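Hi everyone, thanks for coming. I'd like to walk you through one structure today, so please have a look at it first.

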Amino acid sequence: MSQKYEFIDAEYADASVRAADNAPAIMQVCRWLGVSKSGFYEWRSRPESATAKRQEWLRLLIRKIFDDSDSTYGYRRIARQLARQGVVAGAELVRKLMRVLGLVPCQPRPWRPATTQQGVTGPIPDLVNRDFSAAVPGGKMVGSGSRRESHPPAPTEPCVIVSHYTALATLITRNCGTIASERTSSGIAA
């Protein structure tokens with residue numbers, strides 16, 4: 001019922017609608033909507049409810065907190081801020097009131113330093129022409145830095161150690177702490 005009364009009140013709040021000769025009377029609009037004229041006037045003279053007064057007060061607080069945060073606080077942060085101030089308001093109520101007020105938080109992008117120059121990268125050269133066999137141990141040094149493991153490799157799993165300071169790569173096989181340069185297994189220089 002309240003929505004119908006609000007509709008009638010909104011339509012007749014405009015002075016230009018009341019001044020128009022062809023505007024229907026309030027009694028006619030009430031009949032079309034299926035409400036009584038006396039009910040409409042009683043609704044208009046009724047005092048505001050406690051819930052409506054509280055929500056109006058919360059809207060003012062929410063607007064203040066939102067403006068103080070430079071429009072970055074969302075409904076969760078505003079609800080926490082209200083709780084710190086001792087105001088009891090759930091996050092969903094804050095969310096609803098922010099929608100009514102049309103408040104949409106703007107989350108600024110985090111600042112990141114520009115440590116590298118952005119540009120178009122070229123193709124990565126294939127210096128070994130996809131041929132990984134070597135005539136002698138240590139003849140070709142090949143490594144990959146794309147795989148990261150949180151555990152040490154298995155004792156017989158070959159691994160690549162690349163020294164970033166000397167650009168020296170050594171292919172070793174871990175087998176009970178012995179270095180592969182001391183032994184070879186199945187024709188692979190380990």
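**Around helix α7**

Let's start with Glu92, Arg99 and Val100: these are exposed, on the other side of α7. Exposed here is over 50% relative accessible area, buried is under 20%, and partly exposed sits in between, with a 1.4 Å probe and protein chains only. Before I go on, this is a predicted model, where local features need pLDDT of at least 70, side-chain atom pairs count only at pLDDT 80 or more, and totals for chains, interfaces and linings use all residues. Residues are numbered from 1 along each chain as its sequence is written, and side-chain values use heavy atoms, with hydrogens and water left out.

So which residues of α7 are buried? In this helix, residues 91-101, they are Val94, Leu97 and Met98. Looking down the axis of α7, those buried residues fall within an arc of 105 degrees, so they line one face of the helix. That arc is taken from the directions from the helix axis to the C-beta atoms. And what do they pack against? The buried residues of α7 pack against α5 and α6 (75-84), where contact means heavy atoms within 4.5 Å. Just after α7 you'll find Gly102, with a positive phi of about 75 degrees.

Now for α5 and α6 themselves. Their axes come within 10 Å and cross at roughly 110 degrees. That makes α5 roughly perpendicular to α6, a label for angles of 65 to 115 degrees. The axes are lines fitted to C-alpha atoms, for helices over the stretch in contact, and angles run from 0 to 180 degrees between N-to-C directions. Leu58, Leu61, Ile62, Ile65 and Phe66 of α5 make the contact with Ile78, Gln81 and Leu82 of α6.

Let me pick out Phe66, which is in helix α5 (residues 50-68). Phe66 is buried, with a relative accessible area of 5%. Leaving aside residues up to four places away in sequence, Phe66 touches Ser71, Tyr73, Ile78, Met98, Leu103, Val104 and Pro105. Take Leu103: it is 37 residues from Phe66 along the chain, and their C-alpha atoms are separated by 8.0 Å.

Zooming out, the chain has seven helices and two strands, running α-α-α-α-α-α-α-β-β from the N terminus. Helices (H or I, at least four residues) and strands (E, at least two) are DSSP runs, numbered from the N terminus. Of its 190 residues, 19% count as buried.

Technical notes. Parallel < 35°, antiparallel > 145°, perpendicular 65-115°, else oblique.
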